Amino acid sequence: MAASGGTRAIVAALLANAGIAIAKFIGFLVTGSSSMLAEAVHSVADTSNQGLLLLGGRTARRAATPEHPFGYGRDRYFYSFVVALLLFTLGSVFALYEGIHKLESHEPLTSPLVAVVILVVAIGLESFSFRTAIHESRPLKGSGTWWQFIRQSKVPELPVVLLEDLGALVGLVLALLGVGLTVLTGDSVFDALGTICIGVLLGVIAIILIIEMKSLLVGEGATPPVLAKIVSALEAGGVERVIHIKTQYLGPEELLVAAKIALPPGLPLEQVARSIDGAEQRIREAVPEARVIYLEPDLDRTPVAG
């Protein structure tokens, strides 16, 4: 569900951004607006980003090899990290450069009405893309807040698309304000300030995404609620106690579980094997994404109190 939902959100964003980028470049050529140019480059970056996210989803489905025995699930984290870097370098830095350049040059706008029409249409298309991303993310978000979803989600594409679309919508509003104030006052400084604000906005979003994607790429474990489910499932059968446990996501839908479990002393080997098999089955029923499980049986050597 997460993979297909993420793909739908990515494709919707890609189509919207590709069309918007063309319209914005036409608008820049007609008006000379730096806000329009910054937004056009932003849309090109977003379109490239969605292409990278689709590529990551495709390469992550490769079968495991002796060199990569746990598969390529983390490719999705890698390409999402690259997307965050692209958003920062292509979007934020360029917008800041254009805004500062426009402040120094004071170039006037021509045919600003064209820019306004294009920006309004772009807001409509971005709203459709943003709505799709929200719709596909809501089942995974659950009862938590959207900020918690962005911070805790193990599916990288949906937080990336959500923040990209949110940034695009806010950026379009800023560009519209910059162009509108320039038309009302006749001072192109407002267009330049709108461009700088777009650059700062994209920079903030990119930093958030870089931090979150880096954390996933390095390796995150199960969240406390998921870990509690795993421990509860282990201790529901013949396991006396979970001595220690470690988890790590090998991909958005593949969790590695490694645990040392205490079994009653004196169990025959066949009973030990059945206990481990039963524990693995209980884990997979409680947490379906726990696909790689290693359990080490041991005796509980915890000192008995007083």
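Modeller: A residue is buried when its relative accessible area is under 20%, exposed when it is over 50%, and partly exposed in between (1.4 Å probe, protein chains only). This is a predicted model, in which local features need pLDDT of at least 70 and side-chain atom pairs count only at pLDDT 80 or more, whereas totals for chains, interfaces and linings use all residues. Residues are numbered from 1 along each chain as its sequence is written, and side-chain values use heavy atoms, with hydrogens and water left out.

Biologist: How many aromatic pairs does a search of the whole structure find?

Modeller: Rings of Phe, Tyr and Trp (its six-membered ring) pair if their centres lie within 6.5 Å; planes under 30 degrees apart count as stacked, over 60 as edge-to-face and the rest as tilted. Searched in this way, the whole structure has this number of aromatic pairs: 2.

Biologist: What geometry does the pair of rings of Phe78 and Tyr79 have?

Modeller: The ring centres of Phe78 and Tyr79 are 5.2 Å apart and the planes are at 75°, so the pair is classed as edge-to-face. Phe78 is partly exposed at 39% relative accessibility, whereas Tyr79 is buried at 18%. The geometry of this pair is therefore edge-to-face.

Biologist: What is the centre to centre value for the aromatic pair of Trp146 and Phe149?

Modeller: Trp146 and Phe149 form an edge-to-face pair, with 90° between the planes. They are 3 residues apart in helix 5, which means that about one helical turn separates them; helices (H or I, at least four residues) and strands (E, at least two) are DSSP runs, numbered from the N terminus. Trp146 is partly exposed at 30% relative accessibility, while Phe149 is buried at 5%. Centre to centre, the value for Trp146 and Phe149 is 6.0 Å.

Biologist: How many residues does the largest nonpolar core have?

Modeller: Nonpolar side chains tend to be buried together in soluble globular proteins. A nonpolar core is a set of buried Ala, Val, Leu, Ile, Met, Phe, Trp, Tyr and Cys residues joined through side-chain atoms within 4.5 Å. In the largest one, Ile230, Leu234, Leu255, Ile283 and Leu295 have the most contacts, and the number of residues is 62.

Biologist: Which residues is Leu234 in contact with, leaving aside its neighbours within four places in sequence?

Modeller: Contact means heavy atoms within 4.5 Å. With those neighbours left aside, the contacts of Leu234 are Val239, Val242, Ile245, Ala259, Ile261, Ala279, Arg282, Ile283 and Leu295.

Biologist: What is the N to O value for the salt bridge of Arg151 and Glu212?

Modeller: A salt bridge is a side-chain nitrogen of Lys or Arg within 4 Å of a carboxyl oxygen of Asp or Glu. A search of the whole structure finds 8 salt bridges. For the side chains of Arg151 and Glu212, the N to O value is 2.5 Å.

Biologist: How far apart in sequence are the parts that Arg151 and Glu212 tie together?

Modeller: Arg151 belongs to helix 5 (residues 146–152) and Glu212 to helix 7 (residues 189–218). Arg151 is partly exposed, with a relative accessible area of 41%, whereas Glu212 is buried at 8% relative accessibility. In sequence, the parts tied together by this pair are apart by 61 residues.

Biologist: Lys154 and Glu220: buried or exposed?

Modeller: The side chains of Lys154 and Glu220 meet in a salt bridge (2.4 Å, N to O). Lys154 lies in the loop between helix 5 and helix 6 and Glu220 in the loop between helix 7 and helix 8 (224–234), so the pair ties together parts 66 residues apart in sequence. Both Lys154 and Glu220 are buried.

Biologist: What is the relative accessible area of Lys260?

Modeller: Glu296 and Lys260 meet through their side chains in a salt bridge (3.8 Å, N to O). Glu296 is in strand 3 (residues 290–298) and Lys260 in strand 2 (residues 254–262), so the pair ties together parts 36 residues apart in sequence. Glu296 is partly exposed at 43%, whereas Lys260 is buried, with a relative accessible area of 18%.

Biologist: Which residues is Asp75 in contact with, leaving aside its neighbours within four places in sequence?

Modeller: Asp75 is located in helix 3 (residues 75–105). Asp75 counts as buried, at 16% relative accessibility. With those neighbours left aside, the contacts of Asp75 are Gly56, Thr59, Ala60 and Arg62.
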